[in-house]
Amino acid sequence: MKELGQISRLPINRFTDYGAYMALSDGGEVLLPKGYLEGDEREGDFLSVFVYTDSEDRPVAVTSTPKLLLDEFAVLEAKEVGKIGAFMDWGLPKDLFVPSGEMGKPMKAGEKYLVRLCLDHRSNRLIGVSKYREFLFPAPGDYQPGNEVEGLIFEKSELGYKVLLEDRYEGLIYANEVFQPLEIGSTRTLWVKKRRDDGKLDLQVLPMGRVKYDEGAEKILEILDSKGFLPLHDKSDPAEIQAMLGMSKKHFKQCIGQLYKARQILIRPDGISRSED
């Protein structure tokens, strides 16, 4: 059944007391339960449905959209974990099952993990797999320093935050270069810092070069425009700077240096303010 794990536009074949049977491309049918019908559908109408397997491993259609489709990755929360595996919240009535043998590491309820939706060819049912590395490839050579990319933040480690790009490449944002929390499961714009020999990517949260400090400088100007004064200076404690601005002391000093040279700010013993020019 090629529709399994996919969103497909299927025609209604017939109605029963249980719902509508949708026609599959192989000549079979799949039930769309009554609760997913609006009530004004007719035979022959096409509906967009997602086909998966119910609690008895029977194919069923729903009009809900899951957090991932077949052969895609998503960060999912483990709702329940037992000896045989974990049940993940993927946005559908029946949780996605990750067998214990398909876990990259032991899971805990309430924690989030990178999961790929796969077809178990032995049982012909959809399962989750968190052994993600076997699905990843070395990033191609056209990933160069300074390139802007979109990345899925999927795990925090001692080194930093692991990132998935294009559902097939792995990157890392080093912990000592992150000065504000990054949410696991969020997708954000990042920049390539380096492509390593093993094909993995070193990434950073701000653009490279001079533009990097423009972004921080703009943030400082916005605060000065709204409050008139910022009680920070080059002697301020790094923890205080990070708490107020979400940036390192080095980054802060580079930003105010840029603004001072541009005659945008005044640097005083107790802080900084907008230039009167």
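## Contacts and setting of Arg268

In this predicted model, Arg268 touches His233, Ser273 and Glu276, when residues up to four places away in sequence are left out of the count. With one of these partners, Ser273, the side chain of Arg268 also forms a polar contact of 3.4 Å.

Arg268 belongs to strand β17, which covers residues 265-268, and the C-alpha atom of Arg268 is separated by 9.3 Å from that of Leu232, a residue 36 places away along the chain. The relative accessible area of Arg268 is 37%, so this residue counts as partly exposed, given that the partly exposed class lies between the buried limit of under 20% and the exposed limit of over 50%.

## Positive phi at Asp71

Most residues other than glycine have a negative phi. Asp71, although not a glycine, has a positive phi near 70°, and its place is in the loop that runs between β5 (59-62) and β6 (73-81). Asp71 is partly exposed, because its relative accessible area is 43%, a value to be read against the range between under 20% for buried and over 50% for exposed residues.

## Positive phi at Glu166

Glu166 likewise is not a glycine and has a positive phi, here of about 55°, and this residue lies in the loop between β12 (160-165) and β13 (169-174). Is Glu166 buried or exposed? With a relative accessible area of 54%, Glu166 is exposed, since the exposed class requires a value over 50%.

Methods: Residues are numbered from 1 along each chain as its sequence is written. This is a predicted model: local features need pLDDT of at least 70, side-chain atom pairs count only at pLDDT 80 or more; totals for chains, interfaces and linings use all residues. Side-chain values use heavy atoms; hydrogens and water are left out. Helices (H or I, at least four residues) and strands (E, at least two) are DSSP runs, numbered from the N terminus. Buried means under 20% relative accessible area, exposed over 50%, partly exposed in between (1.4 Å probe, protein chains only). Contact means heavy atoms within 4.5 Å. A polar contact is a pair of N or O atoms within 3.5 Å; within protein, one must be able to donate a hydrogen and the other to accept it, and residues adjacent in sequence count only if both atoms are side-chain atoms.
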